[in-house]
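Work through the exercises below with the model open. Each task is followed by a stepwise solution.

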Amino acid sequence: MYRSTDFAIADTCFLIDWVRFRRRDLIFKLFKTVFIPESVLREIKSESTVMWVALNLASGNLALYTEVFDEVEEARKITELSRRLPGAISVDLPEALCMAVGRRRGYVVLTENRGAIMFADLVSDYNDVIVWRSLEVLLALHMRRLIDADCNNLSMLFREYEEDTKHIFPERDLSNGVEVLRRELCSKN
Amino acid sequence: MLRAKVRTGDLSEARDIRRRYADWEFIEKQPPKIRAALIYYIESGDLYVASRIAGLTVEEFNELRIKANIPNVS
């Protein structure tokens, strides 16, 4: 029996960075299936990315998510509301669709979009939607002991990710995360 | 359950990092649409809209972002 959080839905911005990571297959240790909306397929071009997506669609690690009319309508409402809320960062349709699916189906939403992260905090209907960036995915891999953590170098995996994808984790978020890992995984008590 | 969080100050911090790391010489040499899209990305961090301005797929624009040495900060 699977829980809804065994499933994730990834937007394009998350996926195209994640695919460049040398340990990209680790994500399938966290999730039974990662759904990708059909629009993602229109946004990938390079042979290595298309091949990785195709092979993982074939093996069932990835699955195509075909949105229905109501989900697209909800996504449109999210984009409008994000532009009306004072202080909110606007959400574009692709990640709004992932938020709608996250709310309806309980899937973890994988995105690097700050608007989507903020929206889940600000709008009560979306407070239960779990939104993760690559940072939280890497943290979860450690926390669930799906990879061996080196207590002398807990930031190693994060640095590898930054190097492969030219992605920079906010220093405060990374140091907070590493501190949590140190407490949870490396404390002797 | 882990949750991603965004603080208001994060946006300007991320923009400063993108501005600082960007290869401005490379950006200035690009055709107008590409240059505008790269500058939009530096200011906003929004890859999807930037790719639409450039007339490229998100992945093609992401390759360009890397060539222009603009980090994705999140």
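Two strands pair if DSSP finds at least two bridges between them. Strands (E, at least two residues) and helices (H or I, at least four) are DSSP runs, numbered from the N terminus. This is a predicted model: local features need pLDDT of at least 70, side-chain atom pairs count only at pLDDT 80 or more, and totals for chains, interfaces and linings use all residues. Residues are numbered from 1 along each chain as its sequence is written, with chains lettered from A and ligands numbered from 1 in the order in which they are written.

**Exercise 1.** Find the bridge partner of His167(A) in strand 1 of chain B.

*Solution.* Step 1: go to strand 6 (residues 167–168) of chain A; 2 bridges join this strand to strand 1 of chain B. Step 2: note the direction; the two strands run parallel. Step 3: read off the partner of His167(A), which is Asn72(B).

**Exercise 2.** Describe the contact between chain B and chain A.

*Solution.* Step 1: apply the contact rule (C-beta atoms, placed from the backbone, within 7 Å). Step 2: count; 25 residues of chain B touch 29 residues of chain A. Step 3: list the elements of chain B that give two or more residues: helix 1 (8–21), helix 4 (47–54), helix 5 (58–67) and strand 1 (72–73).

Note on methods: Two residues are in contact if their C-beta atoms, placed from the backbone, lie within 7 Å.
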